[in-house]
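Please look over the sequence and the structure below before reading on.

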Amino acid sequence: NPGGDRIWYIVFACDIGPVFWMRHCTEEQVCAHAQHNQSVPMKLARIYNAAVTHIRHHLPMVAYALGEADGDAALVQLVHVEAEKRSVDILRESMAERELGRTVRRAEVVATKVEGRYASVSGKSGDELDGGMFGMDENNIANVIMGLGGGGDAAGTDIVARRNAAQREDCGFTIEVGNLSDVDAALEEWALCMQHTESYERFIRHAVKEVIKARKLRREQKREERRRLREMEEAKNRDDGGGESALLGTPTTPRKTAAENEEEFDDEVEERIEILPPHTALNEVAAEIGGYYSSLERCLLLASLQRAFVHANFPDDSTFTEVAIGNNSGGAHNSFYHGRRAAPLQTNLVEECLFAARRSTLRAFATGHTGTASAAANVCVDVLGRVLL
């Protein structure tokens, strides 16, 4: 009886669902102090794992007992609504607490300054540059800091002091955004949040597909049973009234039976059922975080390239590696480095820049979010093309 099944499902949903979430909330109240120190990815993981466990445990039973009343579809909706509400609140609260939007706006300003400092020079030819990576004009702030311009006193200062001065003049990255390590850790945390959210989103979409597939199988089974019953009834009617209709010569015209009309109505109803909307609130907040993440990743990549350029202009032993060639004995051009014999050396500038780009792209790909991964890849290609090349 579909009506009775629906009543029993309502009792089941009102009993099992709230009990599950009340138990979850009770555990949160007991461990309130411990959970206060948990990170946002850990909180999201607890919610998503609880939702996945609940669906995996109850969905087969509900589909078997209440499938005719669409109890499996309603169960997926119930669990997703509860998980989505809690996860969206946590993400929104974290974004507001850390002022993510304001930080991203400041990061975009800093990124524009860093890109303007280096990209304007990297696009020039060798004839346009009198020498050096940043040119030799006194108006270039990098030249003034690094002692490549007209300031003769700066050229004679200690290389460590000059490097420190160049690192402090980072276009306001440290002041406006934070240290490189802090920004990198924040991006790791946001990437982990998106990774957990995307994994849960894929699971819930897969569960919806399985529920739809099960509904189709049940309807096809019922339709097949009705067809067999109709064929049996038609065969019985032919056996009972076949002789009489043949004697009278009355033609039989095919017409749709009530069962066939019911099948068409069921097909129309099946097309109108929607378990989850194409875009949910969780999708929207994930897309918003992905946009902020891409902007911060661009700023961090430019800051990493800036640090690599500073290291290349104020080198020490850590910024060079020996060239791997067969014969390292050469002329006077490779006879010393800092006053000692050494093999030919090459700078680590390109390797540092490519490592930063590789780290950014791999972290974006690990989120599983297609929009974020595409944006991060485009950012890395654009930055490397405009600044490094």
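## Briefing on the predicted model

The mean pLDDT of the chain is 76, and 65% of its residues reach 70 or more. This is a predicted model, and its confidence is highest in helix H4 (residues 71–97), at a mean of 93, and lowest in helix H6 (residues 141–146), at 41.

- The buried residues of H13 are Leu349, Cys353, Ala356, Ala357, Ser360, Thr361, Arg363 and Ala364.
- As a general point, an α-helix has 3.6 residues a turn, so residues three or four places apart point the same way.
- The exposed residues Phe355 and Arg358 are carried on the face of H13 that is turned away from its buried side.
- Just after H13 comes glycine 368, which takes a positive phi of about 80°.

**Aromatic pairs**

- A search of the whole structure finds two aromatic pairs.
- In the pair of tyrosine 48 and tyrosine 200, the ring centres are 4.8 Å apart and the planes lie at 10°, so the pair is stacked.
- Tyrosine 48 lies in helix H3 (residues 40–66) and tyrosine 200 in helix H10, so this pair ties together parts that are 152 residues apart in sequence.
- Tyrosine 48 counts as buried, at 4% relative accessibility, and tyrosine 200 is buried too, with a relative accessible area of 2%.
- The rings of tyrosine 118 and phenylalanine 309 have their centres 5.0 Å apart and their planes at 55°, so the pair is tilted.
- Since tyrosine 118 lies in helix H5 (residues 100–122) and phenylalanine 309 in helix H12 (residues 281–313), the pair ties together parts that are 191 residues apart in sequence.
- Tyrosine 118 and phenylalanine 309 are both buried.

**A buried arginine**

- Arginine 215 is found in helix H10 (residues 180–248), and at 3% relative accessibility this arginine counts as buried.
- The side chain of arginine 215 makes a polar contact, at 3.0 Å, with the side chain of aspartate 70.

Definitions and conventions: Residues are numbered from 1 along each chain as its sequence is written. Side-chain values use heavy atoms; hydrogens and water are left out. Helices (H or I, at least four residues) and strands (E, at least two) are DSSP runs, numbered from the N terminus. Buried means under 20% relative accessible area, exposed over 50%, partly exposed in between (1.4 Å probe, protein chains only). A polar contact is a pair of N or O atoms within 3.5 Å; within protein, one must be able to donate a hydrogen and the other to accept it, and residues adjacent in sequence count only if both atoms are side-chain atoms. pLDDT is the predictor's confidence in each residue, from 0 to 100. Rings of Phe, Tyr and Trp (its six-membered ring) pair if their centres lie within 6.5 Å; planes under 30 degrees apart count as stacked, over 60 as edge-to-face and the rest as tilted.
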